[in-house]
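Colleague: I would like to learn how to read a model of this kind, feature by feature. Please give me the general idea each time, and then the case at hand.

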Amino acid sequence: MSITSRITVSAVAAAVGIAALAACGTPGGGADAKTVTLVSHDSFNVSKSVLAAFEKESGYKVKILKGGDAGKAVNQAILSKGNPQGDVFFGIDNTLLSRGLNEGVFSPYEAKGLANVPAGLQLDKGEHRVTPLDYGDICVNYDRGYFARHKTAPPKTFDDLLKPRYKGLLVTENSATSSPGLAFQLGTIAKYGQDGWQDYWKKLKANGVEVVDGWEQAYYERFSGSAAGKGKGDKPLVVSYASSPPVEVLGKKPAPEEAPTGVATGTCFRQIEFGGLLKGAKNEKGGKALLDFLVSKEFQEDVPLKMFVNPARQDAKVPELFTKYGAAIDKPTTLPPETITKNREQWIKQWSSLVLK
C-alpha cells in the first residue's frame with residue numbers, strides 16, 4: 001500500500017489504462033530497447049498523463065507486469081532471479097526486503113532525486129540495491145456504519161480486538177502470502193514482544209479472526225465498508241492502511257464530513273515500499289531511467305491518490321483529500337530491519353501453525 005502503500009493502499013487495485021503483460025508474459029520483456037518492463041504487485045497505479053509524460057520524454061514504452069499480492073510478487077521475483085520477467089521491480093517492503101536482498105534479486109543503482117528522500121526510509125543506503133518509493137501504516141480499518149447501527153464503539157487498539165464485542169468481526173491477510181498480513185503480525189510482535197505475541201494470536205483466533213490470502217480479497221470481498229465491494233462483505237473490521245479511508249471518499253459529491261471508514265490508530269505498523277533494478281534486466285538503461293522516474297517529483301506527487309500511500313520524497317505535495325480523510329499515525333509500531341531479517345521466516349511458520357491449523 002503497499003504505505004503500505006498499498007494503498008499498498010499501497011494499495012488500491014485499479015485499471016490504469018496502460019499496456020500490461022499477462023502473468024504468463026515472456027520473461028525479459030524489456031529486451032526491446034524501446035520498451036521497459038515494470039514488475040509489481042496488483043496495487044500499482046499511476047495516472048495516464050504522468051506515465052505518458054515520462055514515455056514522451058524518455059522515449060521508452062512502459063509495460064506493467066502485475067504478479068498478485070506483494071508477497072506473491074516478491075516470491076516470483078526470487079524464483080526468476082537472474083532471468084527476470086522485467087527490468088524494475090516495484091513493491092518490495094521492509095517486511096520482505098531482506099529476502100530479496102539476500103537472494104540477490106537486485107542490481108545496485110543510486111536513483112536521481114534520492115537526496116530528497118529522508119535517510120530514515122533508506123534502509124539499503126550503503127549499497128542502493130533498492131530505492132524507497134512510498135510508505136504507509138498498516139492498521140485495522142472499521143466500517144463506521146456498522147458500529148453506528150449496532151451502537152457500539154469501534155476498536156482502537158490491539159487489546160480491543162480481543163474483546164467479546166468484536167468476536168467474528170475481523171478479517172486479516174495471510175502472513176505467508178500477503179505483506180499487509182505480515183505487517184499486521186509484526187505489529188503484534190512489536191506490541192507484545194517475542195514472548196507474548198503467540199498468546200495474543202491464540203486469543204485472536206479464539207475470538208473468530210478470519211484469514212484470507214491477500215489484501216484485495218480481504219478489503220473488496222470480505223470487508224463490509226468497501227464501496228468497491230458494494231458492502232457485500234460481512235466483516236466490519238479489516239487489516240488495511242491508515243490511508244484507506246480517502247479511497248471511500250474519492251469522487252463523491254458533495255464531499256462528506258468524514259469518510260465512511262475509520263482507522264483503529266492503536267493497531268498500526270509502519271511499512272516502507274521500495275523499487276529496484278532487477279539483476280539480469282534485459283533493458284538495464286531503460287530500467288535506470290524508470291527508477292529515476294519513480295523517484296521524480298511528478299510520480300511521487302501522483303502516488304497519494306493513485307495508490308493511497310505517502311510519497312517517499314519529503315518535498316512532494318500531498319493533496320488535501322488525502323490528509324483530510326486519511327489518518328495520521330504519530331507513533332506506529334516498528335521493528336528494526338535486522339530483527340525482522342533474523343526472525344521473519346520462523347515467525348511466519350509459527351504464525352501459520354498457530355492460526356491456520
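Colleague: Is F308 buried or exposed?

Modeller: Buried means under 20% relative accessible area, exposed over 50%, and partly exposed in between, with a 1.4 Å probe and protein chains only. F308 has 3% relative accessibility, so F308 counts as buried. This is a predicted model, in which local features need pLDDT of at least 70, side-chain atom pairs count only at pLDDT 80 or more, and totals for chains, interfaces and linings use all residues. Residues are numbered from 1 along each chain as its sequence is written, and side-chain values use heavy atoms, with hydrogens and water left out.

Colleague: Where is F308 placed, and what is its phi?

Modeller: Helices (H or I, at least four residues) and strands (E, at least two) are DSSP runs, numbered from the N terminus. F308 sits in the loop between helix 10 (297-307) and strand 11 (310-311). Its phi is positive, about 55°, although F308 is not a glycine.

Colleague: What is the phi of K151?

Modeller: K151, a residue other than glycine, has a positive phi near 50°. The loop that holds K151 runs between helix 4 (144-149) and strand 7 (170-173). At 79% relative accessibility, K151 counts as exposed.

Colleague: Which residues does a cis peptide bond join?

Modeller: K253 and P254 are joined by a cis peptide bond, with omega about -5°. P254 lies in the loop between helix 8 (245-249) and strand 10 (261-278).

Colleague: How should I read a nonpolar core?

Modeller: In soluble globular proteins, nonpolar side chains tend to be buried together. A nonpolar core is a set of buried Ala, Val, Leu, Ile, Met, Phe, Trp, Tyr and Cys residues joined through side-chain atoms within 4.5 Å. Here the largest such core has 87 residues, and those with the most contacts inside it are F44, F89, I92, W201, L237 and L294. A second, separate core of 5 residues includes C139, A242, V263 and I329.

Colleague: What does L294 touch?

Modeller: Contact means heavy atoms within 4.5 Å. Not counting residues up to four places away in sequence, L294 touches L38, F44, V88, F90, L133, F299 and Q300. L294 belongs to helix 9 and is buried, with a relative accessible area of 0%.

Colleague: How do I read a polar contact?

Modeller: A polar contact is a pair of N or O atoms within 3.5 Å; within protein, one must be able to donate a hydrogen and the other to accept it, and residues adjacent in sequence count only if both atoms are side-chain atoms. R222, in helix 7 (residues 215-222), makes such a contact between its side chain and the side chain of E210, at 2.9 Å. The side chain of N207 reaches the backbone oxygen of K163 at 3.1 Å. N207 is in the loop between helix 6 (197-206) and strand 8 (210-212), and at 8% relative accessibility N207 counts as buried.

Colleague: And the empty spaces?

Modeller: Rolling a probe the size of a water molecule over the atoms shows where empty space is left. On a 1 Å grid over the protein atoms alone, a cavity is a set of points where a 1.4 Å probe fits but cannot get out, and a pocket is an open set with protein on both sides within 12 Å along at least five of seven lines; lining residues have an atom within 4 Å of a point. Grid points are joined across faces, edges and corners, and a volume is the space filled by probe spheres set on the points.

Colleague: What volume does the largest pocket have, and which residues are closest to its centre?

Modeller: The volume of the largest pocket is about 330 Å³. It is lined by 13 residues, and F54, E57, S58, A289 and F293 are the closest to its centre. Helix 1 (48-58) and helix 9 (284-295) each supply at least two residues of that lining.

Colleague: What is the volume of the second largest cavity?

Modeller: The second largest cavity has a volume of about 50 Å³. Its lining includes G71, R99, S175 and I348.
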